[in-house]
Structures are given as structure tokens and as C-alpha cells.
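Visitor: I would like to learn how to read a model like this one. Where should we begin?

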Amino acid sequence: MTQIARSAVFIGFDSLCRRHGLNPHELLRRCELDPLVLRRPDLYVPYARFAQALNLAAAEGPAPSFGLQLSEYHDYLVFGPFGLLLAQADSFAEVLKLTQQYVHLHAQGISLHLQTQGEQLRVEYRLQLQEPVDLRQLRELGLGVTQRTMAGLFAGEWQPRRLLIGHAALGEPQEYARLFPCPVLFEQPCSGFVTDADIFTLRPVEQRSQLKSHLIEQFRHNSQLPTDHVERTRYILQSILSTGEARLEVVASLLGQHPRSLQLALQRQGHSFRSLLDDVRYDEARQQLRLSAQSITDLALHLGYADETAFSRAFKRWSGMAPQQWRKAHFDVTWRARETC
């Protein structure tokens, strides 16, 4: 099965291409990708085709380290569902646990592995795709995003000893020195960060203001969304559906409210948390059935259901049709060439 990624991986791609005199739409079409992915962060694309787009941009533009440069446009909030959960983590250990559990919701084929080396710890970044594609640009993007995520969550407390990269340098030494606060060693047996073993004592810095700014920015980009409790709750639910953590307590925490206060606020506007959750699931299900070719089982898991049966039962209650039946009637044919399942 082809590994897929949220189209949020393309955030910054348009700007970086134009900065280097490249046409991002033309590059995407050559990789059989619809330019719509530049405007919609919540679609699904084959991860290998994203890697191909990075490789094309690096080969045809003046930036051989294109993937590394793209990482400067990304931080943990780009991760969508599990990025919001990372911001609520209590420790470095919890950040690693959440990453292992939920990174596949952002992109499949990525994993982190810990190796103890005396008083030091190696956090290996592994990337495995089934398709035969050059992964160097994608690997450097991932390492850059990991660095920015850790720096965003732990600020100055994140001080890796060195960075290991499993291939030769793609860019100039000063580029790596600017992005990574440690020596960078190339052509290593693995890729990842070497840190002190006591890193598990790190506690994330307060992220509430960053989350609030992120939410406000999202609403600002969509003038149709009023910033009231109902729409804020809808947005959070849509963001964390696939983590299986779309619970009142989690949503209230992300909004900086007590669960009971949020319940009362929603009730005053004629809604309940459960009804909003159903609405968001139904909207998301229809969107993915129409624009994505992922399997019904994968869609059920993405929506936070335990299995396909539970999702199919709920969808039939909402629409009067089974998911497969609804898809046949509404599927957007422009996406058939990009089926990923």
C-alpha cells in the first residue's frame, strides 16, 4: 500500500519555489500532483510523489538543499492533529511517545528510534518508503522539521550534541550551521540527533500563547468562520479527529477552558459537544470520500472510529447511504489518477 501524507507537507513550497524562480504548479503536475494541494493542507498525497517534487525543485533550481530550506516554513503546528497534542505534552518522553503513536497521521513511513550510548542518547530519524525514490531531500526536510519542533517545544533546553546525516551534504556548510545548533556529521550509518541521556527530564515551555495565535491565524484566513465557541470547537475537532483524542477534556484544554465551561458555552448557542463531533465527522467523511481514494477502513480510523463497521453505521445514519455507495455517487473524477489505496 502506498504511503500517504497530509498535503500540509507542501506548506511553504509555493513561496520557496517562487523565491528560486521555479513554477510550483508546473513541478507538481510533472509529479502527477494537483496544485490544489498548495491551498488545502487536509488532503492526502502519495508521500513518494512529494519526495519527487522536492527532488525536481532541488535539481532544476539554484537550491540543491531545497528540502532543508523548506523545513524553515514548518514547525509542530504544521503536523495538524498530533501537533496540537504535542503542544500539550508534559515531558520529552511524552513528546516521543505521541510522535511514535501519531506521526503517521501527518506522514506515513516516518519513525523515531532511541539508542542509548553510555551517557548519551541517539534519537534516530528513520524514513522508509516502498517506492524507489531518492529520499535525501525528504530526509533533510524531516531532520530540519524535527529540529524546529524540538526548539519550539523546549526552547533553549534543546541542545543536541551533534546531528548525524546518512548521506553527503546537499548544500553549503553554512546552511546546516544556521539551522542546527550543533556539529553536523555526514555519510553516517544512520540519521538523527545525539543528545545527553538526561534529556528525559526536559519539560516543554508553555505553548498556550502559540496555540492561541495559531487558532486566531486560522480563523483570520477564513473570513466565513466567526471566532465563537461553536466554530472554535469545530476547528479543534477537525484538527484532532484522527488522533482518537477528540474528547471534551482535550478540546477544552486546547482552548484554555474548563470542560464544564465549554459545555455550557456550547449549550447557550444551541449545541452540544456530541452533536458538533458528529457534524464535524460527517463533513470530514464527505470531503474525504469525494476527494480522496483512501480505503473506508483508513477513513474510519482517520475519523477516530475503532473500526470500519462503527463508521459505516454512523455514516448511514447521517446520509441514508453506505460510505462506498455515497463515494460512487459523488467522487471527484479529477482525483482518480491519484488513488493511493
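Guide: Begin with burial: a residue counts as buried when its relative accessible area is under 20%. This is a predicted model, and 52% of the 341 residues of the chain count as buried. The chain exposes about 15700 Å², and carbon and sulfur atoms supply 47% of that area.

Visitor: How many helices and strands are in the chain?

Guide: The chain has 16 helices and seven strands. Among contacts with a separation of 6 or more, 66% are between residues 24 or more positions apart.

Visitor: What average pLDDT does the chain have?

Guide: pLDDT is the predictor's confidence in each residue, from 0 to 100. The chain averages 85, and 89% of the residues score at least 70. Over residues 222-226 the value stays under 50, and the model gives this stretch four contacts beyond four places in sequence. Residues 333-341 are also below 50 in pLDDT, with 24 contacts beyond near neighbours in sequence.

Visitor: What span should helix H3 have, and how far apart are its end C-alpha atoms?

Guide: The expected span is 1.5 Å times one less than the number of residues. For H3, residues 47-60, the 14 residues should span 20 Å, and the end C-alpha atoms are 20 Å apart, which agrees.

Visitor: Is H3 mostly covered or mostly exposed, and which residues are buried?

Guide: Mostly covered, with ten of the 14 residues of H3 buried. Among them are Tyr47, Phe50, Leu54, Asn55 and Leu56.

Visitor: How is a pair of aromatic rings described?

Guide: By the distance of the centres and the angle of the planes. The structure holds 16 aromatic pairs. In one of them, Phe10 and Phe50 are edge-to-face, at 4.8 Å centre to centre with 75° between the planes. Phe10 is in the loop between strand S1 and helix H1, while Phe50 is in helix H3, 40 residues apart. Both Phe10 and Phe50 are buried.

Tyr282 and Trp318 form a tilted pair, with 5.4 Å between centres and 45° between planes. This pair links helix H13, which holds Tyr282, to helix H15, which holds Trp318, 36 residues apart.

Visitor: Why does Tyr282 count as buried?

Guide: Because the relative accessible area of Tyr282 is 17%, and the cut-off is under 20%. Arg286 lies over the face of Tyr282, 3.8 Å from the ring centre.

Visitor: Which residues do ring pairs link into a cluster?

Guide: Phe92, Phe154, Trp158, Phe180, Phe193 and Phe200.

Visitor: Which ring does the charged end of Arg281 sit over?

Guide: The ring of Tyr305, at 4.1 Å from its centre.

Technical notes
Residues numbered from 1 in each chain as written. Predicted model: local features only at pLDDT ≥ 70, side-chain atom pairs only at ≥ 80, totals over all residues. Heavy atoms only, no water. Helix = DSSP H or I, 4+ residues; strand = E, 2+ residues; numbered from the N terminus. Buried < 20%, exposed > 50% of the residue type's maximum accessible area, 1.4 Å probe, protein only. Contact = heavy atoms within 4.5 Å. Areas by Shrake-Rupley, 256 points an atom, 1.4 Å probe, with all protein chains shown as cover. Phe/Tyr/Trp six-rings, centres within 6.5 Å; stacked < 30°, edge-to-face > 60°. Lys NZ or Arg CZ within 6 Å of the ring centre and 35° of its normal.
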